[in-house]
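User: I am new to this structure and would like to learn how to read its features. Please take me through a few of them.

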Amino acid sequence: MEKSFELIVLLFAALATGGLIVNWIGLGRAMSRLSVSAYIEFHQHTNRTFDPYMPIVVIGALTGGVVLAVTYGVHSIPGQLAAAGAVCYALVIIIGLPTCVRINKQIAYWSIQDPPCEWAKMRARWLRFHFIRTLFSVPALAIYVLAVTASTSHQ
């Protein structure tokens, strides 16, 4: 397989996982300590930054893993590793769309001066599901690295 394609897949996976980790460790934990108005304003601004970026890198990582699996051969160890990583990125999407992404869209319309009464519950839900999807993303990246490494050693 062309090394440049493998590097592009690893780059997309690293950007996807890195974005989720930064959001979890840095931004999410900070958000959990903010007042309601500060939280809403901060979440609205981070959505404008992350919402255009994250679908591109997560879908790119998923698609790249599928292509790696097919190219390596799904019966080979590198192909099976790539497929397992792609499943993990698919789970990131499956978990994120009905939870975190939906909540992001709701928060985009919240008033800073007049927040909804359930804002704290929504924040806790977003943090919980973001943590869960991040937990699938980290092994996905590691598995892709193993797939590419295993592919290189089998050539």
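Analyst: Trp24 is partly exposed, at a relative accessible area of 29%. Buried means under 20% relative accessible area, exposed over 50%, and partly exposed in between (1.4 Å probe, protein chains only). Phe131, at 31%, also counts as partly exposed. This is a predicted model: local features need pLDDT of at least 70, side-chain atom pairs count only at pLDDT 80 or more, and totals for chains, interfaces and linings use all residues. Residues are numbered from 1 along each chain as its sequence is written, and side-chain values use heavy atoms, with hydrogens and water left out.

User: How many aromatic pairs does a search of the whole structure find?

Analyst: Rings of Phe, Tyr and Trp (its six-membered ring) pair if their centres lie within 6.5 Å; planes under 30 degrees apart count as stacked, over 60 as edge-to-face and the rest as tilted. The search finds three pairs. In one of them, the ring centres of Trp24 and Phe131 are 5.0 Å apart and the planes lie at 50°, so the pair is tilted. Trp24 belongs to helix α1 (residues 3-31) and Phe131 to helix α4 (residues 119-153), so the pair ties together parts 107 residues apart in sequence. Helices here are DSSP runs (H or I, at least four residues), numbered from the N terminus.

User: How is the aromatic pair of Tyr89 and Tyr144 arranged?

Analyst: That pair is tilted, with 5.4 Å centre to centre and 50° between the planes. Tyr89 is buried, with a relative accessible area of 0%, and Tyr144 is buried, with 0%.

Methods. Helices (H or I, at least four residues) and strands (E, at least two) are DSSP runs, numbered from the N terminus.
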